[in-house]
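Trainee: Could we go through this model together? I would like to see how each answer is reached.

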Amino acid sequence: MTWLGNLERANQTSSILESIFNSVTDAIMLVDQQGVVIGANPAAERLTGYTVEELIGKIHFCEVCRGMATTTEEATCHNCFFHIPSVSSFQMAVKTKDGREFPVAASSTRLGAESDYSLVVILRDMSEQQRAEQERFRRMMTHYVIQAQEEERKRVSRDLHDGIGQALYSILVGLKVLNQLELDEAVKNHLHDVHQMTARALEEVKNMAVELRPSALDDLGLVPAIRSYSKRFEQTFGIVTQFEVSGHKRRVASVVETALYRICQEAMTNAAKYADTDKIQVRLHDSGDKIEMFIADYGRGFNTEQVQARGTGLGLYGMKERASLLGGTVDIQSVPGKGTTVHVTIPLNDKGEPLNVDPGSYRG
Ligand SMILES: Nc1ncnc2c1ncn2[C@@H]1O[C@H](COP(=O)(O)OP(=O)(O)O)[C@@H](O)[C@H]1O
Ligand SMILES: [Mg+2]
């Protein structure tokens, strides 16, 4: 090839490199040995909020860098990449012109001689990926917390029932036997009182065990569990509770039954605590491809936006989380003076398992 051909090729290569520099989505910044920016592409303008004119020769790299992220620190200048010849991949936080901060994936390479080099730093905005990762992590933690709480409730409920419950029952039997002996009146009266107290304690232990986790939920399913919860609820709060079931008659996955039972429990407790109502209606409808539950009270209602904005209300948050982990939703409609309806929807497959959820990631 002639020298003219070589020159033409060199020109072509340089114009390709220039167009790559100008059009890539990663920010590329050239920094001198003192740390002053001496080159930047349009993506660097978009990333930092500074124009190329504002960057070149005027900005020290530290002005756009908040530090490197390590496993223990969000941003640190310890072991700064600047002092290392080449770092193929690290995370750092960028500080923009208008003061925003966000994470970037970065790499840096020295160009030129050992004594006279400049540094090429390539930056890629990772805020969207980090947000998605944090959301995934949050969901996973919520899932584990809910699962651990449910397991613990099951265990404590069983221990109460089989441990203290059985012991109290044995005491009751013993007291009955004693009562049949020839005893004087004062002792009999005392025995009667002790019997009454023990019977009450047994009742309380049984109620606590059921409240923690009704065995009916595992043994008989959601419908009998809600039915007996409603009965106890009516007795406790004096609120008439109607329960209607329609659609497919089948057991659905244990996780779905547990979530619906807990949501129902929370919604009914809220109605008892805040709605000032004398009637609650619970409807459960399994249409095959989804199961829906409505819990309606006819009480005073509340401003859902205000409550959500206040950020209080772990109960409402928990309901939404439980449904969302199973690919479902909770919609709360509340009209002041008219009442509140909590509407839960969980999409199911034909085996009654939740959709949009990795089946390995949940257990009943
Ligand atoms: N059925 C309801 N009727 C009236 N107000 C309600 C009802 N459900 C919830 N609220 C309001 O929403 C708030 C948040 O409820 P929730 O998330 O369950 O938290 P908590 O029960 O711990 O207060 C309650 O404090 C109450 O003001
Ligand atoms: Mg509540």
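Mentor: Axes are lines fitted to C-alpha atoms, for helices over the stretch in contact, and angles run from 0 to 180 degrees between N-to-C directions. Helices (H or I, at least four residues) are DSSP runs, numbered from the N terminus. This is a predicted model, where local features need pLDDT of at least 70 and side-chain atom pairs count only at pLDDT 80 or more, while totals for chains, interfaces and linings use all residues. Residues are numbered from 1 along each chain as its sequence is written, chains are lettered from A and ligands numbered from 1 in the order in which they are written, and side-chain values use heavy atoms, without hydrogens or water.

Trainee: Are α8 and α9 roughly parallel or roughly antiparallel to each other?

Mentor: The axes of α8 (residues 222-237) and α9 come within 11 Å and cross at roughly 15°. Angles under 35 degrees count as roughly parallel and over 145 as roughly antiparallel. So α8 and α9 are roughly parallel.

Trainee: How many disulfides does the structure hold?

Mentor: A disulfide is a pair of cysteine sulfur atoms within 2.5 Å. The sulfur of cysteine 80 is 6.3 Å from the closest cysteine sulfur, in cysteine 62, which is too far for a bond. The number of disulfides is zero.

Key. Helix = DSSP H or I, 4+ residues; strand = E, 2+ residues; numbered from the N terminus. Parallel < 35°, antiparallel > 145°, perpendicular 65-115°, else oblique.
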